[in-house]
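Subject: Structure handover and notes

Hi,

Here is the structure I promised to pass on to you. Please have it open while you read, as my notes follow directly below.

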Amino acid sequence: MPPQPVDTTMAYVKLIEVVRCAEGCGTFVEHDGRELAVFRLTNPTRVVVTDNACPHANGNLSAGDVVGQVVSCPWHDWRFDLNTGVCVDSAHPRVARYPAESRDGFVYVDLDATGESDH
Ligand code: FES
């Protein structure tokens, strides 16, 4: 996929080097006091950034198993679609996710976004 132009209307911040994020799993990142999970996914290749805290009881989502586009919380196994943040098992609250992209070897994220919308 060719590089996409940066949307300059959003407040992207540099979060972490892409190479520090293993493919197919989550990586914990703390930025400005916020705890985030960065998922480096394939098919298609992309990065997804969510809150690290599971909306159920603050489980560590970055340590969850990832199968395809879905991460399972390691505490009680709620599963979240990383494309939308929606819990795929029921109408549980969604995990906040933020517009993100990889560019020039780094993951950039817009933490000013609501974290609720699909991007
Ligand atoms: S804390 Fe994530 S499922 Fe319970």
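Alanine 100 touches Val47, Val48 and Val49, and also Val107, Tyr108 and Val109, leaving out residues up to four places away in sequence. Touching, or being in contact, means here that the C-beta atoms of two residues, placed from the backbone, lie within 7 Å. In β10, valine 109 is the bridge partner of alanine 100. Before going further: this is a predicted model, in which local features need pLDDT of at least 70 and side-chain atom pairs count only at pLDDT 80 or more, while totals for chains, interfaces and linings use all residues. Residues are numbered from 1 along each chain as its sequence is written.

The core

Alanine 100 is also among the residues that touch the most other members of the largest nonpolar core, together with Val38, Phe39, Val47, Val49, Val107 and Val109; this core has 24 residues. At least two core residues come from each of β1 (12-17), β3 (34-41), β4 (46-51) and β10 (106-110). β3 gives the largest share, four residues. A nonpolar core is a set of buried Ala, Val, Leu, Ile, Met, Phe, Trp, Tyr and Cys residues joined through C-beta atoms within 7 Å. Buried means that 20 or more other C-beta atoms lie within 10 Å of the residue's own, exposed means 12 or fewer, and partly exposed is in between, again with C-beta atoms placed from the backbone.

The chain as a whole

There are ten strands and zero helices. Strands (E, at least two residues) and helices (H or I, at least four) are DSSP runs, numbered from the N terminus. Of the 119 residues in the chain, 30% are buried. Among contacts with a separation of 6 or more, 42% are between residues 24 or more positions apart.

The sheets

Two strands count as paired if DSSP finds at least two bridges between them; β9 and β10 are joined antiparallel over four bridges.

Another open sheet of three strands runs in the order β5-β6-β7, also with antiparallel pairing. β5 (65-67) and β7 (79-81) are at the edges with a single partner strand each, so one side of each has no neighbour in the sheet. Neighbouring strands here are turned by 25° against each other on average, direction ignored. β6 (residues 70-72) pairs antiparallel with β7 over three bridges, and valine 70 stands opposite aspartate 81 in β7.

β2 and β3 run antiparallel and are joined by six bridges. Phenylalanine 28 stands opposite alanine 37 in β3. The hairpin of β2 and β3 has two residues between the strands, and aspartate 32 in this hairpin takes a positive phi near 55°.

Cysteine 21

Is cysteine 21 buried or exposed? With 22 C-beta neighbours inside 10 Å, cysteine 21 is buried, although it is found in the loop between β1 and β2 (26-31). Cysteine 21 touches Ile16, Thr27, Val38, Arg40 and Val107, not counting residues up to four places away in sequence. The C-alpha atoms of cysteine 21 and phenylalanine 39 are separated by 7.3 Å, and the two residues are 18 apart along the chain.

Backbone points to check

Most residues other than glycine have a negative phi, and most peptide bonds are trans. Here are the places I noted with that in mind.

- Asparagine 43 and proline 44 are joined by a cis peptide bond, with omega about -5°; proline 44 is in the loop between β3 and β4.
- Asparagine 58, in the loop between β4 and β5, has a positive phi of about 70° although it is not a glycine. Asparagine 58 is partly exposed, with 13 other C-beta atoms within 10 Å.
- Aspartate 104, in the loop between β9 (100-103) and β10, has a positive phi of about 55° and is not a glycine either. Aspartate 104 is exposed, with 9 other C-beta atoms within 10 Å.

Best wishes

Key. Axes fitted to C-alpha atoms, helices over the stretch in contact; angles between N-to-C directions.
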